[in-house]
Amino acid sequence: MKGALLVVDDEKNIREILKTLLEEEGYYVKTAESIEGTKKLIQSEYFHTVLLDVWLPDGDGISFLSYLKNYLPDTSVIIITGHGKVEHAVKAIKEGAYDFLEKPFSIEKLLLTVERAVQEVLRRRTDRSEEEDDLIGKSKAILEIKQVIGKVAKANINVLILGESGTGKELVARKIHSLSERRDAPFVDINCASLPDELIEAELFGYEKGAFTSAYARKQGKLELAHGGTLFLDEIGDMSLKAQAKLLRVIENKQFTRLGGTQTVFSEFRLVSASNKDLREEIKRGNFREDLYYRISAFVLSLPPLRERGEDVIVLAEHFLKKFSKDYKKPAMYLTDDAKALLMSYEWRGNVRELKNFIERLVILHTKDRIDADDVRSFLSINIPESYEKLFVQRDIKIAKQEFEKLFIERKLREYNYDLKKVSEVINLDISNLYRKIKQYSIEIKNKEGADAPP
């Protein structure tokens, strides 16, 4: 699909001709005959470009243009009319129209204008996506994930993303969509954990007017809106068994009916799911359907927690510092070495999301450009592990060095899954000396998988 278009014209034959013509060119096309009809459509669907007639039965198209641009700021609007005047063209461009076409217009000019308008929207969205939504980090784990995403995005298979809360599962889902052949089609998301059971089905399948007490009008569901694009089901492990059964049928035949309806709706989409739960364990407990699991997990991608990504903590912190300093028009800020060490020592149980929120609060409240350990520890009341805090009350520097060395080695062992050979390379310490220090400090090796046990 080349793009989603909305044709707004009060003449039925014009709407039908343009719809047929543009669909033959590969566009997804919807039509409306009035301002009110347009408002209803844009509440449920995204359009790259709107072809808007000037004279409509319930208002002036050019006056409606400002509403459209406010509601769909990324969308290009092409004004079309059979009553062309120079003042109309000038006003339309001032109001934010992409271009102005006077009827009768040539097919070649129409198609060229539409193509340029859609490409302009796609370019802006791609530029912003690459700027704001890139995966930040240079650790081995995150570099490997970037490589995998690039490969799996091009394969039209269902993907399951696993990881703790805050590790960036939605970001990865959006990256998969933006790198896929579906990138010009909708990316539709729903958080299964944020909705009660009775609302999940209504959100997924949509409903007809009168389906239940508050159903005053037909509403398209997420499945329908995702046609041609990507449907992202966040925290799918929280979906009820009833909804799981219905979703399974949709995945199998791409068809469903809205709640309270009888009409069969077809929707072809790619499914990307995410969960912070171990779905295999949920299957054993009877909370998740095994047949659905195999449908959604043609490829499984596991995201590491931030505490296992090494110096990505600092890379991310400095990235967020730069971003929020710019957003809040504050002077550039920097972290001292002791502040960096303190951030590295923190567990970040909320992962990247917790770090991002922390840095945002810091930028808002901090008044200096320099951020040191005291700012991190006391000014923002971050919870520092008790073992680390003891270093600051230790009077004997030799003992303090030993305690820090123990903490440092323990942290690196956890970070590299207790692979002693790898840790010795990273910290630039001969492996025999690493064995000796592990024994000296009575460090417990909790997971020896892939590691040489100390003698």
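When I talk about the axis of a helix this morning, I mean a line fitted to its C-alpha atoms over the stretch in contact, and the angles I quote run from 0 to 180 degrees between N-to-C directions. Keep in mind, too, that we are looking at a predicted model.

H13 covers residues 312–327 and H15 covers residues 351–365; their axes come within 9 Å and cross at roughly 45°. Angles under 35 degrees would count as roughly parallel and 65 to 115 as roughly perpendicular, so H13 and H15 are oblique to each other. The crossing of these two, H13 and H15, is right-handed.

Who is touching whom? From H13 we have Val313, Leu316, Ala317, Phe320, Leu321, Phe324 and Ser325, and they meet Val352, Leu355, Lys356, Ile359, Glu360, Leu362 and Val363 of H15. Sort the residues of that contact by class and you get 11 nonpolar, one polar and two charged.

Now for a second pair, H8 at residues 197–205 and H10 at residues 241–253. Here the axes come within 10 Å, and the crossing angle is roughly 15°. That makes H8 and H10 roughly parallel to each other, and H8 passes H10 in a left-handed crossing. On the H8 side the contact uses Ile200, Glu201 and Phe205, while H10 brings Lys242, Ala243, Lys246, Leu247 and Val250. The class count for H8 with H10 is five nonpolar, no polar and three charged residues.

Let's move on to strands. Please find the open sheet of five strands, in the order S9-S12-S15-S8-S16, with parallel pairing. Which strands stand at the edges? They are S9, residues 187–191, and S16, residues 299–302; each has a single partner strand, so one side of each is left without a neighbour in the sheet. From one strand to the next, the twist averages 15°.

Inside that sheet, S8 at residues 159–162 and S15 at residues 270–275 run parallel and are joined by four bridges.

My last stop is strand S6, residues 76–81. Is S6 enclosed or open? Six of its six residues are buried, so S6 is largely enclosed by the rest of the structure. Ser76, Ile78 and Ile80 point one way from the strand, Val77, Ile79 and Thr81 point the other way, and all are buried.

S6 also has pairing partners. With S3, residues 49–53, S6 pairs in the parallel sense over five bridges, and aspartate 53 stands opposite isoleucine 80 in S6. With S7, residues 99–102, the pairing is again in the parallel sense, over four bridges. In that pairing, isoleucine 78 stands opposite aspartate 99 of S7.

Before I hand over, a word on the whole chain. Its secondary structure comes to 20 helices and 18 strands, and of its 455 residues, 45% are buried. Among contacts with a separation of 6 or more, 69% are between residues 24 or more positions apart. Thanks, everyone!

Technical notes:
Residues numbered from 1 in each chain as written. Predicted model: local features only at pLDDT ≥ 70, side-chain atom pairs only at ≥ 80, totals over all residues. Heavy atoms only, no water. Pairing = 2+ DSSP bridges. Parallel < 35°, antiparallel > 145°, perpendicular 65-115°, else oblique. Left-handed = near helix turned anticlockwise from the far one by under 90°. Contact = heavy atoms within 4.5 Å. Nonpolar A, V, L, I, M, F, W, Y, C, P; charged D, E, K, R; others polar. Buried < 20%, exposed > 50% of the residue type's maximum accessible area, 1.4 Å probe, protein only.
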